[in-house]
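Take a look at the chain below. A walk through a few of its parts follows.

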Amino acid sequence: MTGSQSNTVHVIGAGLAGSEAAWQVAKSGIPVVLHEMRPTRMTEAHRTDGLAELVCSNSFRSDDAANNAVGLIHAEMRRLGSLIMRAADANQVPAGGALAVDRDGFSAAVTKALDDHPLIEIARGEIAGLPPAEWGNVIVATGPLTSAPLADAIRELTDENALAFFDAIAPIVHRDSIDMTVAWFQSRYDKVGPGGNGADYINCPMTKDQYDGFVAALLAGEKTEFKEWETNTPYFDGCLPIEVMAERGPETLRYGPMKPVGLTNPHDPTTKAYAIVQLRQDNKLGTLYNIVGFQTKLKYGEQQRIFRAIPGLEKAEFARLGGLHRNTFLNSPKLLDGQLRLRAQPRLRFAGQMTGCEGYVESASVGLIAGLYAAAAARGETLASPPATTALGSLLGHITGGHIETIEAGTRSFQPMNINFGLFPPLASAPTKKPDGTRLRGNEKTVAKKQALSARALADLDRWIADHLHIAAAA
């Protein structure tokens with residue numbers, strides 16, 4: 001097999017997403033060339049020349065498919081014949097309810113499977129710039145450490161001036177965990193923005209004592225340190241961490257993201273709040289809200305403690321916590337179509353962290369679907385996307401169109417995301433009773449809701465597999 005065949009798929013990058021993409025393409029009977037620049041050119045984070053090297057944790061997180069969105073995506077990937085999940089299962093180490101792996105054994109298993117496959121050619125060497133024009137079906141899966149020549153070429157092609165930057169992320173909260181007896185919906189001065197109705201923000205009021213205590217907690221909170229290779233990357237669009245703003249003076253936040261003007265608390269209309277924290281809708285479903293202007297490098301435990309002191313957020317459940325680190329990803333809802341193709345040059349399909357997903361399994365799952373899309377294209381077909389009710393489909397929905405444009409001018413709202421139940425379409429009706437007919441109470445409702453979302457996802461995925469992939473779903 002050579003890379004010159006007209007229906008050959010080229011995959012650039014042999015991390016988790018690229019390895020999974022190559023496997024799915026070859027498994028579909030299409031020849032593939034998998035390009036990996038290591039060891040010819042190493043990155044700041046990699047240590048070996050093995051494919052699918054795990055550079056951070058060795059954990060794939062929860063393996064509980066019934067109660068956890070991460071466990072659910074594991075189950076969906078297994079049903080689709082994922083190489084990454086097969087290698088993880090074969091190299092598991094004890095980790096309670098989580099799926100953790102022996103990182104060397106895992107990488108060796110992935111490398112051997114790809115090396116042994118007769119339709120896969122592994123080509124070592126850097127693709128410095130855009131792939132050659134004669135490559136008509138390409139998956140770019142180069143991850144957050146994409147080499148500079150390729151990143152520059154993508155930036156030039158997409159006219160995006162910020163492909164690599166400090167990724168300043170505000171925490172994202174599950175809407176149904178916000179106490180609306182304290183908080184309320186309103187836009188500042190009832191302003192109606194694009195797609196808005198004048199009540200587009202959730203507002204949480206603070207007294208002077210609460211505000212002073214909040215600022216003091218921000219300043220005293222333990223922060224994460226930058227890695228050495230991150231320190232020269234600039235902030236994106238001037239997104240300063242909230243604690244850095246607080247360092248500029250105790251009133252800075254009251255005149256910035258926490259300004260109280262133009263808002264009236266319907267729960268207490270005669271009392272003027274000293275400061276107000278706003279949350280903005282983060283996905284089209286309205287299940288997730290981000291805390292406006294709260295990008296931070298506080299440690300995760302500190303974030304939960306400090307942000308749950310905000311009135312209305314005492315019981316907040318976080319879909320993701322804030323962070324600040326170097327990252328490389330596309331503004332995917334703007335730049336990619338529903339098949340993960342670059343609108344500016346559809347021969348290029350993207351997968352993995354570059355598309356705006358976070359986490360090992362999320363990256364691999366996007367590689368999996370990109371591989372299936374590319375294989376279908378090589379056969380002259382178009383594969384229908386997995387249902388939005390599945391973990392795979394909901395993650396793709398976030399990547400290719402699930403975010404909201406900002407109501408006010410400013411930074412784009414699309415941010416990388418781990419899989420979580422907040423990305424799933426709501427159930428037609430939430431479960432209210434146990435199998436024995438007695439009523440669900442308290443936390444039982446949350447557990448039952450997650451289990452119902454998972455059961456719906458797996459049933460819908462099985463139907464999709466039967467209808468579109470012509471393979472039997474694995475048990």
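The paragraphs below go through an annotated site, a strand pair, a helix and the cysteines.

The model is predicted. Start with the record. An unreviewed UniProt entry carries the annotation "binding site" for Gly13, Ala14, Gly15, Leu16, Ala17 and Gly18.

Alanine 14 sits in the loop that links strand S1 (9–12) to helix H1 (16–27). Is alanine 14 buried or exposed? Its relative accessibility is 0%, so alanine 14 counts as buried; the cut-off for buried is under 20%. Leaving out residues up to four places away in sequence, alanine 14 touches Ser19, Leu34, His35, Glu36, Arg38, Leu51 and Ala52.

Alanine 17 belongs to helix H1. Alanine 17 counts as buried because its relative accessible area is 7%. With residues up to four places away in sequence again set aside, alanine 17 touches Ala141, Ala351, Gly352, Ser363, Ala364 and Gly367.

Now the strands. S1 and S2 run parallel and pair over 4 bridges. In one of the pairings, histidine 10 has valine 33 of S2 as its bridge partner.

Next, helix H6, residues 208–220. Which residues of H6 are buried? They are Tyr211, Phe214, Val215, Ala217 and Leu218. These residues cover an arc of only 160° around the axis, so they lie on the same side of H6. An α-helix has 3.6 residues a turn, so residues three or four places apart point the same way. On the other side of H6, Asp209 and Ala220 are exposed. The cover over the buried residues of H6 includes strand S11 (201–206), helix H7 (242–247), strand S12 (275–281) and helix H8 (300–307).

Last, the cysteines. A disulfide is a covalent bond between the sulfur atoms of two cysteines. How many disulfides does a search of the whole structure find? The search finds 0. Cysteine 204 counts as buried because its relative accessible area is 0%. Cysteine 357, at 1% relative accessibility, is buried too.

Technical notes: Residues are numbered from 1 along each chain as its sequence is written. This is a predicted model: local features need pLDDT of at least 70, side-chain atom pairs count only at pLDDT 80 or more; totals for chains, interfaces and linings use all residues. Side-chain values use heavy atoms; hydrogens and water are left out. UniProt positions are given in the numbering used here, feature names are shortened, and annotations may be inferred rather than shown by experiment. Helices (H or I, at least four residues) and strands (E, at least two) are DSSP runs, numbered from the N terminus. Buried means under 20% relative accessible area, exposed over 50%, partly exposed in between (1.4 Å probe, protein chains only). Contact means heavy atoms within 4.5 Å. The arc is that of the directions from the helix axis to the C-beta atoms. A disulfide is a pair of cysteine sulfur atoms within 2.5 Å. Two strands pair if DSSP finds at least two bridges between them.
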